[in-house]
Amino acid sequence: MTEDFKDQLTEADGSKSQSVTEMESTDFGSISSGGHPDTFIASPLPPEVSHYGSMSPFQESIQARITQEVERKRRAGVFPPTFERRLRDSFERLVPQGGGTSREDFRSLFRSTDRAAFMDIDVPIASNRRGVSKLKKVIRSLTAWYLNYLLQQITNFSANLMQLLAAMDLRIKTLENRIPPQGRAVGSSIAIPISEKASAYVSGELSNLPGRSIVTGCCSSNVLTALFTTGADVYGIDTDETLLDQLQQRGLDVRLASTLEELENVRPESLSCVVLQGDYELESISKIRKIIDSAASAVGAGGKIVLVTHRPELKLEDRRSIIAIDLAPGHLMHRETWEELLCMVTPKLSLEVREGNNAFPERIIIATKLTN
Amino acid sequence: MEIHQFVPSFAPMDAIGAHALSLRDLLREQGVTSEIFADEIKPGLESQATTFSKFHRIPSKNRWLIYQGSTLSPMAHKLSERKEPLIINYHNITPPSLVQSWDFGASMATSVALDQMGRLSAVALGSIAVSRFNARSLVELGFKKPVVASPLIPHQNVKTRLDKDTPNGATWLFVGRIFPNKAQHDLIAALAAYRKTFDKDARLILVGKRTSESYFQALETYADTLMVGDSVSFAGAVTDEELAGYYHDADLFVSASDHEGFCFPIIEAMRYRLPVLAYASGAIPETVGDGGVLLKEKSPFQFAAAAWILLNDPQVRAKCKLGADIQLEKYSFQSAKVQNLAALASFIPPLQREL
């Protein structure tokens, strides 16, 4: 061993103890005694600490400043919601429908798999080296009984597998044909308007919430504007570009995004409140479940999920509501169904249902996320 | 005593190759017989490594094997069948989901590579990860007690750049292969937001080999669609000298990568005193420390605002500089030497006695 390295090792002893302290302060697990300082014991792994939760005070402070700057720019109209959407959509259009996800990919993959399913027992025996070709031929003849037996079984299996895939493709195709395409034509983007009284009720309930909140379907009510005027840290999302532009001109922080898309991209436990309103209540049950699940993940412990829904027992007679209900993939649900759904999706919620004593046609459900 | 390394693809200008070379030299300094064997040896490195097929067929009791794991390799299976003790030095494997849409073949390969790595956990004597993030990945793959040792990044004398505000004409730089997991498209979106809001003359230089042609073409089209095509340059693979020039002349190092097992270019940028702005994915938070600005969310607006603050607030840059000094010390060659030898010695008793 070189003298140089002996010196380094002496230095390393000092730095090792530093390293132990550093490692012990993390959530990775304990350090084996007597082993190398950075030795891991495979005891409970923390969830992705590298992403979140382990930022230093410096990083947290600069992050807050960045967020402030972005909000300021949004409110000033420098970052219009449509621009953000355009940035995202322009690239999404370029992403190939690869990996067998598109119809064309599937066909091409199916064809190549079908070709690969055939196995050739006629092993090539050609060789440039003298005598090797003959040797190979002898080996092939000697092992043919064995390889034939195996190959027959493999070929049977491959053929059956391909037949199974073809049958599955047919069944999926039939299923796909039965499902109507999603989009505005079937009313998935049409929301029933929310009354002034319900908006005032919701904003009154949430005016003192600490932390950041989101109002989904923000163009269908005055909740966002009301919360903003109380100085709450709140932003809204909707898919109606025209109405969003109007809200932005009034200095509100708004973004062009669908409810599920936004909630799935929000950092876990980063919000204090999610107000669900607008077209979500007329979505299919599976989509509503996903939305509630994402909302529950987005709020921290003690955070609230407020569901503004319309009561199916009350007949809505304005033109927009009639169209929205008739064309929707889902339907309005009763209080009991909402309660069941919320408990089913996220058991860690305590529910409180308010109906405003018939003062407004909506039902307000406030769910609080419990601590673990 | 013999300790040999096995590298799937041994290439110049490659972090794993550089690490393997430095480790070989370090072992030789300790009097250990050490060679590098590779499945594939790229031009320029023929004298430094031997093809795997020429590796000794007869096992030896006095021989240890180190597999530099980062990708799919036929060597992995063969090494697992050897009688000599095997140590894994893990540099991480790109998750298939990040590649699937662009290159189904590559995603299958990374999927099989992860599977292959998992199978090695049953036969390996021990494992070394170049970051804590990688150590966690190793545990997920079934390895029991991974040891963390920083990668050996050879020291280079660099001409550091002068610190200055850059309100106009800022040059952003990213160094990394053109591949979907590096998310260069997010940098292009961020540049578009930055040019629209803060600095209409800002530009982005993307240094790195085109590993995915379809992704590269999409990047070009995307830049044109966002009207920043003239402001985004694809430098391709460059020489050491050219790379030094890019680091020296840039104003900001940016990374939107979705998955990194360490990210050498961040340390290189710090050496040049280039401010660093990176999305906090994979091992990046531990590599950056407080030596740059980390973003929790990958929004083009967040990137743009952060870049503006970093490029025009000398106090923030000064704090990052202090943080960078700590990171450069933490990942110095000397420190990595000690860590790697100690890590190997914990698995190789004769080496422990030597030390």
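Helices (H or I, at least four residues) and strands (E, at least two) are taken here as DSSP runs, numbered from the N terminus. This is a predicted model, in which local features need pLDDT of at least 70 and side-chain atom pairs count only at pLDDT 80 or more, while totals for chains, interfaces and linings use all residues. Residues are numbered from 1 along each chain as its sequence is written, and chains are lettered from A and ligands numbered from 1 in the order in which they are written.

**Chain A**

Select chain A to begin; twelve helices and seven strands are found there. Of its 372 residues, 27% are buried, where buried means that 20 or more other C-beta atoms lie within 10 Å of the residue's own, exposed means 12 or fewer, and partly exposed lies in between, with C-beta atoms placed from the backbone. Two residues are in contact if their C-beta atoms, placed from the backbone, lie within 7 Å; among the contacts in chain A with a separation of 6 or more, 62% join residues 24 or more positions apart.

**The two domains of chain B**

Next, colour chain B by domain: domain 1 covers 2-152 + 333-354, and domain 2 covers 171-330, with bounds that come from an automatic or database domain assignment. Taken over C-alpha atoms, the centres of domain 1 and domain 2 of chain B are separated by 28 Å. Where they touch, 17 residues of domain 1 of chain B are in contact with 16 residues of domain 2 of chain B. On the domain 1 side, helix 4 (residues 132-140) of chain B gives the largest share, three residues, and this side of domain 1 of chain B divides into nine nonpolar, six polar and two charged residues. In that division Ala, Val, Leu, Ile, Met, Phe, Trp, Tyr, Cys and Pro count as nonpolar, Asp, Glu, Lys and Arg as charged, and the others, Gly among them, as polar.

Now centre on B:Ala278, whose contacts, leaving aside its neighbours within four places in sequence, are B:Ser255, B:Ile266, B:Ile284, B:Val288, B:Gly292, B:Leu294 and B:Leu295. From there move to B:Ser255, which lies in strand 11 (residues 252-255) of chain B. B:Ser255 is buried because 30 other C-beta atoms lie within 10 Å, and, not counting residues up to four places away in sequence, B:Ser255 touches B:Phe174, B:Cys263, B:Ile266, B:Ala278, B:Tyr279 and B:Ile284.

Select residues 213-225 of chain B, which form helix 6; at 1.5 Å a residue its 13 residues should span 18 Å, and its end C-alpha atoms are 18 Å apart, which agrees. The expected span is 1.5 Å times one less than the number of residues. Within helix 6 of chain B, the residues B:Tyr215, B:Ala218, B:Leu219, B:Tyr222 and B:Ala223 are buried. They cover an arc of only 135 degrees around the axis, and so lie on the same side of helix 6 of chain B, the arc being that of the directions from the helix axis to the C-beta atoms. What covers these buried residues includes helix 3 (81-92) of chain A, together with helix 5 (184-197) and strand 10 (232-236) of chain B.

Step on to B:Met227, in the loop between helix 6 and strand 10 of chain B. Its phi is near 60 degrees, a positive value in a residue other than glycine, and B:Met227 counts as exposed, with 11 C-beta neighbours inside 10 Å.

**Two last stops**

B:Arg273, in the loop between helix 8 (264-271) and strand 12 (276-279) of chain B, also has a positive phi, near 65 degrees. With 18 C-beta neighbours inside 10 Å, B:Arg273 counts as partly exposed.

Finish at B:Asn340 in helix 12 (residues 333-347) of chain B, which is buried, with 23 other C-beta atoms within 10 Å. Leaving aside neighbours within four places in sequence, B:Asn340 is in contact with B:Leu23, B:Leu26, B:Ala149 and B:Leu152.
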